[in-house]
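Please examine the sequence and the structure shown below. The report that follows describes selected parts of both chains in running text.

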Amino acid sequence: MTYKKRFDGRKWEETRPIKAQAGVIPNADGSAFFQIGQTTAYAAVYGPRELHPKFLQNPKKGLLRCFYNMMPFSGMGDRVRPGTSRRSKEISMVMQKALEPVVDLSEWPNAVVDVFVELPETDAGSRCAAICAAAIALADAGITMKDMVSAVAVGIIDDQVLADLDYQEEAYEDGPVADIPVAVLHNTQEVSLLQMDGEISHENLMKALELAKKVTANIYELQKKALKERFTQGAEKQVSGISKGDDKNG
Amino acid sequence: MSNVLVKEKEIVVPGEALAEGMDYLPGSGTYRLNDKIIAKKLGLVNISGRAIKLVPLSGRYLPKYGDKIIAQVTDITMNGWIVDINSAYSAFLSMRDASARFIRKGEDLTKIYDVGDYIRAKVIKVTSQNLVDLTMKEPGLNKLRSGRIIEINPHKVPRVIGKEGSMVSLIKTKTNCNIIVGQNGRVWINSENLDSELIAEKAIKKIEQEAHLEGLTERIEKFLDKIIGGKK
């Protein structure tokens with residue numbers, strides 16, 4: 001046990017500061033901004049809309065498509081080559097699988113909902129930020145969702161279970177490290193994303209997953225707040241002459 | 001023991017619990033999970049008796065039988081027109097439903113409605129796969145000439161129209177514009193005066209943004225009086 005204190009002075013179960021906002025892209029049907037520490041994600045949802053090529057259409061229900069993209073200047077120094085990579089394809093797929101259990105597109109046969117997530121700045125935990133942003137954006141777009149998805153990375157460093165690893169912690173060299181991105185559905189507490197990098201004991205894994213559920217509950221509250229603020233705060237600015245008390249009722 | 005966890009007209013997000021216990025019934029936009037009623041959409045709560053339902057705040061237009069909509073012609077086929085209805089699906093306007101007058105065999109369909117034209121039509125059929133058929137064989141359903149088309153959130157259309165058309169007639173009389181609101185969220189505004197068209201457009205955009213807040217009609221009336229008064 002040499003990792004006694006976190007590099008940025010956080011408590012073990014504390015996440016980096018989180019900012020969430022809904023409705024940031026006017027041209028999209030739904031959009032969101034989600035920032036955790038340095039990691040920043042913008043999600044834009046388009047649709048339900050017509051799906052082409054036609055062979056991709058599903059006559060039983062609509063299709064959900066996700067696109068994850070790290071911007072060239074987003075990384076920790078090195079330029080990220082623009083366009084899809086093996087890594088971004090994988091993350092697009094796991095995002096889709098994390099969101100699919102809650103999104104209900106049975107009303108929209110043969111149609112598609114596209115989710116684009118752009119990351120202008122990243123510092124570990126980007127797939128979790130992308131999922132959180134995408135979930136807010138989907139709700140903002142008025143898509144039927146049976147639940148909300150919140151995601152966070154948990155893990156261990158030197159036998160210490162902790163939440164929301166940053167890049168420095170992921171790269172810790174003086175002991176075993178495990179990085180486990182987890183997505184949790186709010187009501188049922190089901191897990192829709194579970195990946196791992198590193199090594200961990202069975203006991204610590206269970207502890208880490210319990211921690212993930214605790215942390216995602218807090219993230220859910222922030223996502224909820226972001227969606228509600230879109231209609232209360234924005235309106236406050238637009239409607240001059242309305243007191244704050246009236247807004248809460250309206 | 002049953003109790004409601006939210007207030008009437010409160011904004012709720014997907015996954016939020018609306019009520020506990022079996023005394024309440026899940027209405028549209030909600031579902032039951034064990035003994036709780038959970039929201040399925042972003043919307044406003046509406047409690048009527050024992051039923052709890054949601055009025056959605058956003059989302060695309062889903063065509064429904066009987067809706068009067070504003071469509072744009074995108075393509076012409078052998079026996080009709082394919083039109084865009086501001087939804088995830090395009091609709092089909094058959095030759096025999098296209099006009100009150102008889103269309104002769106071999107007639108040039110572009111002379112009747114050309115690609116890019118806006119038309120007002122009624123939905124007469126929606127299949128399970130959301131294939132939509134339209135008709136224009138009714139009074140008031142015709143091609144829209146001149147004027148401007150604006151697009152708004154289709155879920156805000158009832159507020160733009162108002163109770164028994166009160167809101168839209170308020171804008172019509174104040175700005176002296178001709179306005180047609182399609183259920184699919186397209187609004188046609190026409191006036192001889194360009195300025196009044198712009199004022200009507202602003203008013204409709206304002207309604208769209210503030211539709212979920214109390215005292216909408218008075219606010220819009222004040223807004224229109226202020227602009228029109230300022231112009232004179």
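What covers the buried residues of α1(A)? The covering elements include β4 (63-70), α2 (126-140), β6 (149-157), β8 (177-185) and β9 (191-194) of chain A.

This is a predicted model, in which local features need pLDDT of at least 70, side-chain atom pairs count only at pLDDT 80 or more, and totals for chains, interfaces and linings use all residues. Residues are numbered from 1 along each chain as its sequence is written, and chains are lettered from A and ligands numbered from 1 in the order in which they are written.

**Helix α1 of chain A**

Helices (H or I, at least four residues) and strands (E, at least two) are DSSP runs, numbered from the N terminus. Helix α1 of chain A comprises 14 residues (residues 86-99). The expected span of a helix is 1.5 Å times one less than its number of residues. For α1(A) this gives 20 Å, and the end C-alpha atoms are 20 Å apart, which agrees.

A residue is buried if 20 or more other C-beta atoms lie within 10 Å of its own, exposed if 12 or fewer, and partly exposed in between, with C-beta atoms placed from the backbone. By this criterion Ile91(A), Ser92(A), Val94(A), Met95(A), Ala98(A) and Leu99(A) in α1(A) are buried. An α-helix has 3.6 residues a turn, so residues three or four places apart point the same way.

**Strands of chain A**

Two strands pair if DSSP finds at least two bridges between them.

Strand β6(A) is mostly covered, with nine of its nine residues buried. In a regular strand the side chains alternate between the two faces of the sheet. On one side of β6(A) the buried residues are Val149(A), Ala151(A), Ala153(A), Gly155(A) and Ile157(A), and on the other they are Ser150(A), Val152(A), Val154(A) and Ile156(A). Gly155(A) stands opposite Asp179(A) in β8(A), while Ile156(A) stands opposite Val161(A) in β7(A). The hairpin of β6(A) and β7(A) has two residues between the strands, and Asp158(A) there takes a positive phi near 50°.

| Strand pair | Bridges | Direction |
|---|---|---|
| β6(A) and β8(A) | nine | antiparallel |
| β6(A) and β7(A) | four | antiparallel |
| β5(B) and β6(B) | four | antiparallel |
| β4(B) and β8(B) | two | parallel |

Chain B has four helices and 17 strands. Of its 232 residues, 38% count as buried. The C-alpha trace of chain B spans about 70 × 55 × 25 Å along its principal axes. pLDDT is the predictor's confidence in each residue, from 0 to 100; chain B averages 92, and 99% of the residues score at least 70.

Two residues are in contact if their C-beta atoms, placed from the backbone, lie within 7 Å. How many residues of chain B are in contact with chain A? There are 27, and they are in contact with 33 residues of chain A. On the side of chain B that touches chain A, the elements that give two or more residues are β5 (30-33) and α3 (194-210) of chain B. The residues of this side divide into 13 nonpolar (Ala, Val, Leu, Ile, Met, Phe, Trp, Tyr, Cys and Pro), seven charged (Asp, Glu, Lys and Arg) and seven polar (the others, Gly among them). For the complex, the predictor gives an ipTM of 0.91 and a pTM of 0.92.

In the hairpin of β5(B) and β6(B), two residues lie between the strands, and Asn34(B) in the turn has a positive phi of about 55°. Arg32(B) has Ile37(B) in β6(B) as its bridge partner. Helix α3(B) has 17 residues and reaches 25 Å from its first C-alpha to its last, close to the 24 Å expected. Its buried residues include Ile199(B), Ala203(B) and Ile207(B).
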